[in-house]
Each structure stands twice: as C-alpha cells, then as structure tokens.
Amino acid sequence: MRLTLVGVSHRQAPVELRERVAVDAAGASALARELAGSAGSVGCEAVVLSTCNRTELYLASEDGSDDLSERAGKSLLALAGDDGAALAPVLYRLGDDSAALHLFRVAAGLDSLVPGEGEILGQVRDAFEGGSTGPLLDRLFRQALHAGRRARVETAIGESPASIPAAAAALAQQVFGDLAGRRILLVGAGKISELTAVNLRSRGAVIEAVANRTAVHGEELAARVESRAVGLDEIPALLATADVVITSTSAPGFVVAPATATVALRGRRGRPLLFVDLAVPRDVDPALATIDGCFVYDVDDLEAVVEASLAGRRAEAVRAEQLVAVEAERFREWQASLAVVPAIASLRARAEEIRSGELAKAEGRLGRLPESERKLVESVTSQIVAKILHLPTVRMKEAAAGADGVVYADVVRHLFGLGEEEQS
Amino acid sequence: MAELLVWPALLAYGEAAVAYAGSLRGTGASARLGIWGVRIGWLAQTALLIAQALDSEGFPWGTWAGALNLFVWLVVGAYLIWGCTPRYRLLGLAVMPFAAALLVVAWAGGGTGVSTEDTAGWLLAFHVGLMLAGFAGLTLAAGLAGLYLWQERRLKQRDAGVLRLRLPPLESLDRLSARTALISLVVLTAGIIVGLGSFDRGDFDLPMAVTLAIWALYAVGLLLRYEKGLQGRRFAVLLVAGFALVAIVLPLTHFAS
C-alpha cells in the first residue's frame, strides 16, 4: 500500500491562504469520505487534518500514489476557490516514509508554531476518528498518537507555558500549588487580564472580584467570569483575602502602592500574595516585591519567563525528534512487511491445503479413531505446520524491513509454486 | 560480615546523589533513578542495622559513630516518607550526598561494625533512638526550609528560568517543613522524657543544655506559627538556624564535654 500526503501549513502559507482551505470537523470528515469513495482506487483510505495552522490530506491506497496526490491536490485547490493559483506553489506533497515522519512530528508538536503545544494531539485524534481509515491509515494514526504521547511523557517539550496567561497561571502554581479555591482579584478589565483570569479559573481558582474604574466595563467582565464588580477603592480590603492580583488598568500611576499593601498584608498571617501586573504603565509599585510574602511580576518578567520556556521547549524538541524518528522507523518496518504479507498468506494457505488434503486421504483409517484422538491428530499436524512456517515468516518480515522483501516473496512463491496452480 | 552491608548502602546513596544531580539537566528519568537509589540504599542500610542488632551484645549504636549510622538511616527514612518524589529531587540532591558523607564518617569511626560490649541499657538506647529520630526529622525540615528559601529567592528575583527547573510550590514546602518540624519535636520531646528516666542531677552537661535550647527554639517557633501566623521566609530561616544548632553546636559540645 502507498501513502500520500498533500497539505498546506503555517510554514509556507500565510493565514489568508490557510483560512481558505480550513474545514471544521464535520467538513473534514465529509471530505475524507469523499476522497476515499471517489478516488477510484482499490481500498482507498483518507484522513483530513485541519487546524488553524494546517490542512493536510492523508491518503492511502493499494496502487500508485501519483493519482492520489493529484486528486488530493485538486481537492485542496478546489477548497481555496479563487485563491487556488496562490495556493498551488505552497502545497507540499510527501509520500510513504516522509509522509509518516511528517505526521509523527505533527502529533508530537514538533511542526507547531509553539513547539510541543498540547492541542495538536487532540486535533490529530479527532481527524483520525473522523477519517475513512483502513489498515494503513489506522496503523499510521495510532502510531502517530503514540509518538505524540511519548514525546510529551518522555521529554519536557510540553511542560513549560508558552503564553503570558499560561505563564501567569504556572507562576501562581509555583507559589500556591493546587489553585482550586484560590481567590483572584482582577484590577482593570483588559483583554489579557481576562484571558489570564480564564486560565486560572480553568485550574480551579475563583475570581473574587473585578475592580474597575468604569463600572459598566467592570460589570461586563464580572458577568463573563462569574464574579462581582467593585470600585477601585475596595482594593485594599480585597488584598487581605486575595491570593493572586491581576492588574491591567490604563491608569497613569501605580494603583497598588506599598503603603496600601502593607496594611492589607497584616491580616494575611504570612500567606503569600502574587501580583501579576499586565499594565503599561505599570499598576503595581515594584517596591512591593521587598515585602515578605509579596511576589510581583510585570509584563516584561512574564515575557522573559515565556521566552525561557520556549527556549527550553526547543532544547527538548531535539530529544523529541529522536523519539519520533524511532516511531517512524517502526512504522516503516511495518509498512515494508506489508509487501510480503500476500506471499506469507499464500504460503500458509498452501501448507494448510496440503495438511488438510493429507488428513482427508487418511480419513479411512482416521475415521476409526475416537473423537478425542482425531482432535489430537488435527492439533499435532497444525502445530507442525505452524512451527515449520514460523521462521520463514519472521525472516521474510525482517527481509521486508531491510528492503529485500519483494525478492524474498518472489523466491518463496517460486520455491513453493504459489500462484502457479491458480494460473494453470 | 555485617559491615560488608555498608558498601551497597553507600553505593546506592552515591548513585542517588549522582542521579539527582543529573536530573537537574534532564527529565524525570534521572530523578526516578535517584529515587530507586534511595530506596535500595535504605534497604541495604536497614539490613546492616538489623545485622548489627543481631550480632551485637547490647545496643550497637551507643558510640558517636554508631549513632551517626543510625542517624543517617533515620534521615533517609524520613526523606523516603516525606519527599522522595521527582518534584523533590533538589531536596534529594541536598540529602543524599549529606547522607553518603555521614555514612562514610560513621564507617570510618567504626559505627557500622558489631559491638561486643553492652555499654548502654535499653532505656538509654530507646532515649538515643528517639533523640536521633527527632534530629533526623529536624534535618529534613531544614532541608525543606532551605529549598523554600531558594525557591522564594528565585521568585522574588523574577528569575526567567523559574518554570524550567520546577520545584515544589512554596506553600507546600512551607506546610511540609512545619509538619516535619512538629512531628520531630514530638519525637524529640518523647526522647527527652525517656532520658529523664535515667537522669541523675549530676549528669546535666553542656550537650543537654544545647539540646534543651534547640527544643525550646523549635517549640517557640512552632507556637508562633500556629498562634501568630509565623510563616514563609521567617519560619524557614528559623528552621535553618535551628538546624545550624543541631549540626554544629551539638557535635561540638558533645566532643568538648
């Protein structure tokens, strides 16, 4: 069986082109069915992987890959519509080993904009589940998912945060551990602080209040994050109970000063307080960091943390590449072994035919045996055949992995006369 | 024969120390190797202690070297119970070289051999065991407090790599060190009470005074924590200062008296 991949990704195509060929889960599933059904090839399989960074068509069939590639390319160009001419030069086409390695890298997050990002593995799984798969693509995608999981478990590629909201949440976890029930105070109604709050909420934290100068904006945000809106004058009182304070006001000066915080911290009995200052100019006086138990991170600090995390991910990507290469090699060996499968099947069928034939000839004598002994004869002869064929089967598969599979298969067919009877 | 068991323990503790150091650069695999080193080493040392107990005439850890041997076993045992996970690999990096070094000293001082004379009654042996267990716990509490202070410094300094080398959360370190210190203080108190059973007024010496001072320091620290909210940095500094008394002043006064 041959494997073909035709696709477009963030590496070559701008978002204007990618969005033209992007399809949702239902669309991907329908396209896969269409490609598998109308390809006109024997046993054609298709999976469509479409994310914000890529749209890729994976096809497999019994016969040649050129026709498949052509057909897949046309499908993508058709999706692009008027932009088809601009899309054609940025399409990439990969076959067999290269296509498999590419998918394994994609599943491991090695081809993502942010190395090791976690979402892609789920997207690959969804694409697989919505695809029209057969033996080849089923095996390919299962192994790709396995490779993706291995990369995340055996390396630290996906451990560090890759965005400011994620970095803020990870810092909060470094201070408090489990964030379930932790109280968050939002000061200001900026978009980035909302994203950070949403990230913290997803980890179990509670948004205690949204303090904003403009009541309407504060109430809108409070409604979105299931909290209550308060005025800026309530900040000192809220500092006594909050665990994380996220600020993003457009105030020209500091909104939280050491004098305010010192009074509030007296009631905290030594519990730490994390300030995440996302505003420019800053809302939190950096002098607060000198107070025991106070930790202050501004937007530059968070960006530095993200940059360091990404550098760490890139370093881990080298190890993940090695893992992925091993998995790709395993798939290649499995795929190569498919070349000898028909010969092995014929050989086994021939052996079974001989065994059954010889037992049938001896039926006159065997018929006098009790049922239990007849079963014993059946079992012993089957075992003899299986044992004789075991080593040749293993050797043929090994030869297939080493690219000699077709030669071995031909020799076996010749030696055992496989297929000759059918021809005669 | 029993003394031969010190080598697998030492080897495993050394392996754990090296693996923990290696884990700072890699992922969890090295940390897991470290943990297995701790487990195997502790089992080997347990076997050593059992062999010593079976072959000796009386309490085999009555000498300073023997006590050190038992102390190492207790420290590693406490570490196994409290912090032997990949997340606490830095604590292991502090504890395991320390444990290996002390075990070498104990071996050099003859503390891993068999005692042929009964120098201490069982009441005194029980007292020594409890005191050593208490000090072992306080050692671990100080390790956790040290880790807290280091992590707090990284967070205060807004170290860009703070998330690359993940340590346990500050609050967990604070809570765990306090809990360890509290349990250790209870054990230490029990040790002191048992010791009073064989105490004669003329026996009061400098090590005893220092031991009582250490007990008072931890007791006051824990009281302040639970009554007045002494937490975080100041509590961690207190635990480290207490450990300095245990590690430096107590041995000095012991050998001086």
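A few ground rules come along with it. Residues count from 1 along each chain as its sequence is written, while chains are lettered from A and ligands numbered from 1 in the order in which they are written. Since this is a predicted model, local features need pLDDT of at least 70 and side-chain atom pairs count only at pLDDT 80 or more, though totals for chains, interfaces and linings use all residues.

**Chain A overall**

Chain A has 18 helices and 10 strands (DSSP runs numbered from the N terminus: H or I of at least four residues for helices, E of at least two for strands). Of its 424 residues, 44% are buried (20 or more other C-beta atoms within 10 Å of the residue's own, with C-beta atoms placed from the backbone). Take the contacts in chain A (C-beta atoms, placed from the backbone, within 7 Å) between residues at least 6 apart in sequence: 69% of them join residues at least 24 apart.

**The sheet**

Six strands of chain A make an open, parallel sheet, ordered E7-E6-E5-E8-E9-E10; strands count as paired if DSSP finds at least two bridges between them. E7 (229-230) and E10 of chain A sit at the edges with a single partner strand each, so one side of each has no neighbour in the sheet. Two of the pairings look like this:

| Strand pair | Bridges | Sense | Residues opposite each other |
|---|---|---|---|
| E5(A) (183-187) and E6(A) (206-211) | 5 bridges | parallel | A:Ile184 and A:Ile207 |
| E9(A) (273-277) and E10(A) | 5 bridges | parallel | A:Val276 and A:Tyr297 |

Helix H8(A) lies across E8 (244-247), E9 and E10 of chain A, and runs at about 165° to E9(A) (the angle, on a 0 to 180 degrees scale, is between N-to-C directions of axes fitted to C-alpha atoms, for helices over the stretch in contact).

**Where the chains meet**

Across the interface, 26 residues of chain A contact 19 residues of chain B. On the chain A side, H8 (164-176), E10 (294-298) and H13 (299-337) each supply at least two residues, and H13(A) gives the most, with 7 residues.

**Confidence**

The predictor gives the complex an ipTM of 0.78 and a pTM of 0.70. Chain B has a mean pLDDT of 85, with 92% of its residues at 70 or more (pLDDT is the predictor's confidence in each residue, from 0 to 100).

Key: Two residues are in contact if their C-beta atoms, placed from the backbone, lie within 7 Å. A residue is buried if 20 or more other C-beta atoms lie within 10 Å of its own, exposed if 12 or fewer, and partly exposed in between; C-beta atoms are placed from the backbone.
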